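Biologist: I am new to this structure and would like to learn how to read its features one at a time. Could you begin with the charged pairs and then go on to the rings and the sheet?

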Amino acid sequence: MLPSAVVKELDPDAVPEGRRLRRTARDWAVDTCCFLLVVLLYLVTAVSLVRHPDVPQGYVVADVVLGGLSCLAVWFRRRWPVGLAVVMIAVGFASETSGWVTLVTLFTVAVHRPFRYVAWTGGANLALVPLYYWLRPESGLSYTAGLVFALLLTVAVIGWGMFVRSKRLLMLSLRDRAHRAETEARLRAEQAQRLAREDIAREMHDVLAHRLTLLSVHAGALEFRPDAPREEVVRAAGVIRESAHEALQDLREIIGVLRTGGSDDAAGGRPQPTLAVLDQLVGECREAGMKIVLDHRVADPAAVPASVGRTAYRIAQEALTNARKHAPGAEVALRLAGAPGDGLTITVTNPPPKAEAPPVPGSGQGLIGLRERATLAGGRLEHGATADGGFEIRAWLPWG
C-alpha cells in the first residue's frame, strides 16, 4: 500500500539493476483515479467545445483527438514526469481538451522531482496562461476572472504535489534517523561488550600469569634440585598444587563470565581483590621464594576506593610477576604511598638479574595492559630501566 517511489527508497535492493520500477497496488489505484478524472473532464470540455458556434469544425476534431491521446499519456506520467510535462505544456496550449492532463503532469513533477524542475515547468505553464486566455476567451467569464481561476488552480495543484513530496521526504528522513539510532545503539552495545571482554582478558592475564609463574618457579626448583630436602619438596609440591587449583578456579570463573556475557563483577565467585589484601599477595610471592621488601605507607588501605584499590593490586601483581619472570632470584622493592587528595603511588623496582633469564612468550603485553588499566582509572604509568641496569614500574592513581 506504499507508492513505488517510497518502496524503492526504503529498500533499494527490491528493484534489480537496469529494470523499471513496477507499480504497486496503490500506484494502480491512484493512476486509475487520475485517468478516470481526466477522461471525465475531457468529455465535459469536448462537449462544450463541440457546441461552441464560433469554433471551426476541423479545429474541434484536431483538439478532441489531441485530448484523447493526452488522456492515454497519464499512464506514462511516472516513467517520464518532466519530459511528459514539457510536452503537455505545449500540447495544452494548442488543445483545450488537453489542459486537464497538463495539470496532472505538473502535479506528478511536483511529487517526484526536486523543486528546480517544478519551478521551470510550473513557471513556463503559468507564463502561457495569460496568452492562452487572451487567444481563447471563456464564454460567460471575463478575461480577468478566467485568468485568476486558471492561475489559482495551477498553483494549487503544484502546491499539493509539493506537499505530498515533503511528507514523503519527512517520512524517509524519520526512518533514516530511526535506522541510524538503532545502528548507533547496536554499535554502542557491541563496543560495551568488547570493552567488557577486554577487561575480562586483562583480568585473565593478570591472574593466570601470577599463578603460572609460581608453578614455573617451583617446578623449575624441583627439576634442578632433585636432591632437595623432603621438607622443601613437600612445600614446593603444596604450592604447585594450590597454585594450580587457584588458577583453575580463576579460569573457571572467567569462562563462566564469557559464557553468560556479563562483567567480571557478576561472576558470583570470590570478591575482587583490593589494596587491603596486598599483604596476602606478597606472602604468596615470598612462599614461592621471591625476596620482596615491602614499604607500605598507606595508613588505612581499606579507605582506598574499591576501583582504585583493585587497580593498584593488579599493577602490583603484574609488576611482581614480571620481576619473577625476567629477574629470577633478585630482590624486589615494592613501595606504596598516598593519601586522599594526593593520589596513590605504586613503585616496583628490581635490580638486574644475576643470570640471563630465559625468554618468556608474550613478554611486554602485560605492561601494555597495565598502562591501559592505569589510564582508564584516570592515572598514569611509567616503566623503564634504572641506572644500575634494573627495571622500575611507577604508577600514580587518583585518590579523591
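Modeller: A salt bridge is a side-chain nitrogen of Lys or Arg within 4 Å of a carboxyl oxygen of Asp or Glu. This is a predicted model, in which local features need pLDDT of at least 70 and side-chain atom pairs count only at pLDDT 80 or more, while totals for chains, interfaces and linings use all residues. Residues are numbered from 1 along each chain as its sequence is written, and side-chain values use heavy atoms, with hydrogens and water left out.

Biologist: How many salt bridges does a search of the whole structure find?

Modeller: The search finds five. One of them joins D295 and R297, whose side chains meet at 3.1 Å, N to O. To describe such residues we use relative accessible area: buried means under 20%, exposed over 50%, and partly exposed in between, with a 1.4 Å probe and protein chains only. D295 is partly exposed at 23%, and R297, at 60%, is exposed.

Biologist: How should I read a pair of aromatic rings?

Modeller: A pair of this kind is described by the distance of the centres and the angle of the planes. Rings of Phe, Tyr and Trp (its six-membered ring) pair if their centres lie within 6.5 Å; planes under 30 degrees apart count as stacked, over 60 as edge-to-face and the rest as tilted. The whole structure holds five aromatic pairs. The rings of W28 and W75 are tilted, because their planes stand at 45°, with the centres 6.1 Å apart. W28 belongs to helix 2 (residues 25-50) and W75 to the loop between helix 3 (57-72) and helix 4 (81-94), so this pair ties together parts 47 residues apart in sequence. F76 and W80 have their centres 6.2 Å apart and their planes at 25°, so they are stacked. Ring pairs also link W28, F35 and W75 into a cluster.

Biologist: What is the order of the five strands in the open sheet?

Modeller: Two strands pair if DSSP finds at least two bridges between them. The order is 1-2-3-5-4, with mixed pairing. The edge strands, each pairing on one side only, are strand 1 and strand 4 (380-385).

Biologist: In which sense does strand 2 (residues 331-339) pair with strand 1 (residues 291-296)?

Modeller: Their pairing is parallel, over six bridges, and K291 stands opposite E331 in strand 2. Strand 2 runs antiparallel to strand 3 (residues 343-350), to which seven bridges join it, and G338 stands opposite L344 in strand 3. These two strands form a hairpin with three residues between them, where G341 in the turn has a positive phi of about 95°.

Terms used:
Helices (H or I, at least four residues) and strands (E, at least two) are DSSP runs, numbered from the N terminus.
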